[in-house]
Amino acid sequence: MKQINPYLTFDGKTREAMTFYAKCLGADLNIQTFGEAKMDCGPGTDPNRVIHARLEKGAAVLLASDTMPGMPYSLGENNHSVTIQCESADEVEKIFTALSAGGKATMPPQDTFWNARFAMMTDKFGIAWMLNFDKGGKKA
């Protein structure tokens, strides 16, 4: 494992929230929108919604995004998760299998447009997890 980070989810407020946090913390902020990622999420999807935001100051990293179109949003219930930056695709598979036992797999391990191996699940205690292995290039 390389790193464990909190991941926040908003319903259309990611840019506003992360800009506020970056200003408060004196941190650097990078934001990518659905439109920039060329994500076609169906009619009526705002291309300016944030698919990924990364706030950094030194070794501290906070990640966030807006909800995917059609996904439910419930403040305090599904607006946060834990992200593990893995060292290999095999580690993604191993941790996914272990954490999803008795829980619910929401996105089995798969290759992504950001050149990573990625998975999501909720463990048997109700904690949401995201696993990411960067194959080279972009940071998650």
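## A buried arginine

Arg54 counts as buried, because its relative accessibility is 9% (buried means under 20% relative accessible area, exposed over 50%, partly exposed in between, with a 1.4 Å probe and protein chains only). Arg54 sits in strand S3, residues 50-57. Strands (E, at least two residues) and helices (H or I, at least four) are DSSP runs, numbered from the N terminus.

The side chain of Arg54 makes a polar contact of 3.1 Å with that of Glu56. A polar contact is a pair of N or O atoms within 3.5 Å; within protein, one must be able to donate a hydrogen and the other to accept it, and residues adjacent in sequence count only if both atoms are side-chain atoms.

## Basis of the values

The model is predicted, so local features need pLDDT of at least 70 and side-chain atom pairs count only at pLDDT 80 or more, while totals for chains, interfaces and linings use all residues. Residues are numbered from 1 along each chain as its sequence is written, and side-chain values use heavy atoms, with hydrogens and water left out.

Side chains of opposite charge can pair when their charged atoms come close. The structure holds six salt bridges (a side-chain nitrogen of Lys or Arg within 4 Å of a carboxyl oxygen of Asp or Glu). One of them joins Arg117 and Glu93, with the closest N and O atoms 2.9 Å apart. Arg117 is in strand S7 (residues 116-122) and Glu93 in helix H2 (residues 89-100), so the pair ties together parts 24 residues apart in sequence.

Arg117 counts as buried, at 18% relative accessibility. Glu93 counts as partly exposed, at 31%. Arg117 also meets Asp111 in a salt bridge, at 3.4 Å from N to O.

## From Asp111 to Lys135

Asp111 forms a salt bridge with Lys135, and the closest N and O atoms are 2.6 Å apart. This pair links distant parts of the chain: Asp111 belongs to strand S6 (residues 104-111), and Lys135 to the segment after strand S8 (128-134), 24 residues apart.

Asp111 is partly exposed, at 48% relative accessibility. Lys135 is partly exposed too, with a relative accessible area of 40%. Salt bridges link Glu93, Asp111, Arg117 and Lys135 in a network.
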